[in-house]
Amino acid sequence: MTDALTVHGGTPLRGQVRVRGAKNLVSKAMVAAVLGDAPSRLYDVPRIRDVEVVRTLLELHEVRVRDGAEPGELVLDPANVEQAQVDEINVHAGSSRIPVLLCGPLLHRLGHAFIPDLGGCNIGGRPIDFHLQSLREFGAIVDKTPTGLDISAPNGLHGTKLALPYPSVGATEQVLLTAVLAEGVTELRNAAVEPEIVDLICLLQKMGAIIQVHTDRVIEIEGVQRLGGYAHRPIPDRIEVASWAAAALATRGDVLVRGARQVDMMTFLNVFRSVGGAFEVTDTGIRFWYPGGELSAVAIETDVHPGFMTDWQQPLVVALTQARGLSIVHETVYERRFGYVDALNAMGATIQVYRECLGGTPCRWGRRNFQHSAVIAGPSKLHGADLVVPDLRAGFSHLIAALAAEGASRVYGVQLINRGYEDFEAKLRALGAHVDG
Ligand code: EPZ
């Protein structure tokens with residue numbers, strides 16, 4: 001596949017697509033398999049780059065990963081992890097943030113872990129201070145080296161009481177993956193409770209973990225001596241679902257997203273309806289369509305679950321360029337997630353970004369130099385342009401904008417979109433989009 005696509009816009013997307021297991025659960029589930037003393041089976045795994053990266057990383061740690069009988073099934077056997085030669089792993093980390101989640105499992109299995117400098121989308125500073133502080137509280141010793149982190153636990157890992165400064169998804173997963181085999185009880189306050197985290201908890205419970213989710217973001221984990229394997233079908237990818245929904249609305253089309261579940265999408269569905277989109281929940285998924293008439297401007301703030309996901313805002317903003325009036329989007333999760341709007345403006349959108357918190361809740365980025373609020377004035381006629389994909393979600397938004405625009409766009413760097421969207425080119429074609437390489 002080439003790294004550039006020509007998109008001939010102006011055709012409504014019509015038809016159906018299928019979403020598989022959530023990228024942001026599948027990669028963590030693969031890491032969790034390292035904790036078991038028996039093989040695990042993961043179903044509905046999408047063929048995306050992030051899965052390949054984690055697979056390579058696990059194989060470097062001598063986890064045997066093979067395709068199972070069912071399409072999308074992976075079998076992960078961690079029996080030989082103790083024999084791993086881990087010197088090579090720094091070569092493979094560059095495009096992902098998942099390696100940091102191997103800390104707990106590797107400390108339990110090997111007594112030490114080396115975590116190379118991390119990659120991932122450039123949407124903010126993305127520090128890992130919460131992760132490292134949590135590991136220290138479990139009793140780990142963390143040494144920063146020029147190429148990464150050397151982590152050891154000479155006296156083992158012990159349950160502890162922790163409170164996160166912010167309900168970070170990754171840090172919550174770090175604590176879960178470490179606490180399940182630590183000695184004693186761990187209490188985590190201000191935990192993230194995203195559906196992917198609840199799904200990870202379910203999977204760990206299948207392995208033998210004892211985890212209670214209390215009210216008010218408190219999670220309690222009772223360490224156990226051993227964990228077995230799991231057989232798990234992950235929750236569907238709710239970011240991909242919202243991406244296709246926004247694409248249907250922005251192109252005035254009609255798309256059935258097979259595999260989508262209402263329970264994961266409730267917050268998104270409310271906003272979709274307020275903008276003027278229509279949807280129908282069916283037994284097989286959710287159908288999203290443009291019912292005609294004018295779209296309406298909305299004001300939203302991104303937030304941790306159950307708020308409006310930060311990863312939903314980029315595709316939705318493209319649809320908001322077609323709504324009458326001024327829409328406001330206040331991004332409270334990442335400080336630099338509006339880099340992509342320059343490209344939309346170059347295509348004819350009118351989007352202004354601000355440093356101020358343009359929402360009801362002042363956030364961590366207010367009164368600092370972060371342009372984290374956007375005002376979108378619409379409706380705007382979009383026209384084709386040359387676009388360069390800056391990061392995963394922004395990249396898909398560029399595609400949606402190109403599909404909604406009049407004329408042809410050349411989109412460069414589309415391989416980045418493969419990190420999180422399975423077969424997106426084939427899916428676009430199946431929906432009637434005119435794209436060529
Ligand atoms: C996960 O990232 C997802 N990635 C992101 O999806 C998603 O946007 C994000 O959660 C929020 O839902 C994966 O699951 C692989 P965080 P994560 O820790 O875990 C700050 C996508 O496109 N923070 O919840 O890295 C951080 O800087 C991606 O699929 C610290 O300050 O997100 C951010 O402002 C992009 N210190 C906030 O917390 C830390 O040690 C939330 O980050 C950790 C995080």
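1. Leaving aside neighbours within four places in sequence, alanine 323 is in contact, that is, has heavy atoms within 4.5 Å, with Leu295, Ser296, Ala297, Gly378 and Pro379. Alanine 323 is found in strand 19 (residues 323-330), where helices (H or I, at least four residues) and strands (E, at least two) are DSSP runs numbered from the N terminus. The residue is buried, with a relative accessible area of 0%; buried means under 20% relative accessible area, exposed over 50%, and partly exposed in between, with a 1.4 Å probe and protein chains only. The C-alpha atoms of alanine 323 and serine 409, which are 86 residues apart along the chain, are separated by 22 Å.

2. On the basis of the coordinates, this is a predicted model, in which local features need pLDDT of at least 70 and side-chain atom pairs count only at pLDDT 80 or more, whereas totals for chains, interfaces and linings use all residues. Residues are numbered from 1 along each chain as its sequence is written, and side-chain values use heavy atoms, with hydrogens and water left out.

3. Two of the contact partners of alanine 323, Gly378 and Pro379, are themselves joined by a cis peptide bond, with omega about 0°. Proline 379 is placed in the loop between strand 21 (373-378) and strand 22 (386-388). A cis peptide bond also joins histidine 305 and proline 306, here with omega about 10°, and proline 306 is placed in the loop between strand 18 (299-301) and helix 9 (310-320).

4. Most residues other than glycine have a negative phi, and most peptide bonds are trans. Against that background, aspartate 44 has a positive phi, near 60°, in the loop between strand 3 (40-42) and helix 2 (49-60), and is buried at a relative accessible area of 11%. Aspartate 216 likewise has a positive phi, of about 55°, although it is not a glycine; this residue lies in the loop between strand 11 (210-214) and strand 12 (218-222), and at 70% relative accessibility it counts as exposed.

5. Which residues of helix 9 are buried? They are Thr310, Asp311, Trp312, Gln313, Gln314, Pro315, Leu316, Val317, Val318, Ala319 and Leu320. Because 11 of the 11 residues of helix 9 are buried, this helix is largely enclosed by the rest of the structure.

6. The structure holds 10 aromatic pairs, where rings of Phe, Tyr and Trp (its six-membered ring) pair if their centres lie within 6.5 Å, and planes under 30 degrees apart count as stacked, over 60 as edge-to-face and the rest as tilted. One of them, phenylalanine 272 with phenylalanine 288, is edge-to-face, at 5.2 Å centre to centre and 80° between the planes. Phenylalanine 272 lies in helix 8 (residues 262-275) and phenylalanine 288 in strand 16 (residues 285-289), so the pair ties together parts that are 16 residues apart in sequence. Phenylalanine 272 is buried at a relative accessible area of 0%, and phenylalanine 288 counts as buried at 0% as well.

7. The aromatic pair of phenylalanine 396 and tyrosine 421 is stacked, at 4.2 Å centre to centre and 15° between the planes. This pair links distant parts of the chain, 25 residues apart, with phenylalanine 396 in helix 11 (residues 392-404) and tyrosine 421 in the loop between strand 23 (408-412) and helix 12 (424-430). Phenylalanine 396 counts as buried at 1% relative accessibility, and tyrosine 421 is buried with a relative accessible area of 1%.

8. Arginine 287 lies over the face of tryptophan 289, at 3.7 Å from the ring centre, and arginine 364 lies over the face of tyrosine 166, at 3.6 Å from the ring centre.

9. Helix 5 (residues 169-179) and helix 6 (residues 195-207) pack at an angle of about 10°, with their axes 11 Å apart. The two helices are therefore roughly parallel to each other, a term for angles under 35 degrees. The contact is made by Val169, Thr172, Glu173, Leu176 and Leu177 of helix 5 and by Ile197, Leu200, Ile201 and Leu204 of helix 6, which divide into 7 nonpolar, 1 polar and 1 charged.

Terms used
Axes fitted to C-alpha atoms, helices over the stretch in contact; angles between N-to-C directions. Parallel < 35°, antiparallel > 145°, perpendicular 65-115°, else oblique. Nonpolar A, V, L, I, M, F, W, Y, C, P; charged D, E, K, R; others polar. Lys NZ or Arg CZ within 6 Å of the ring centre and 35° of its normal.
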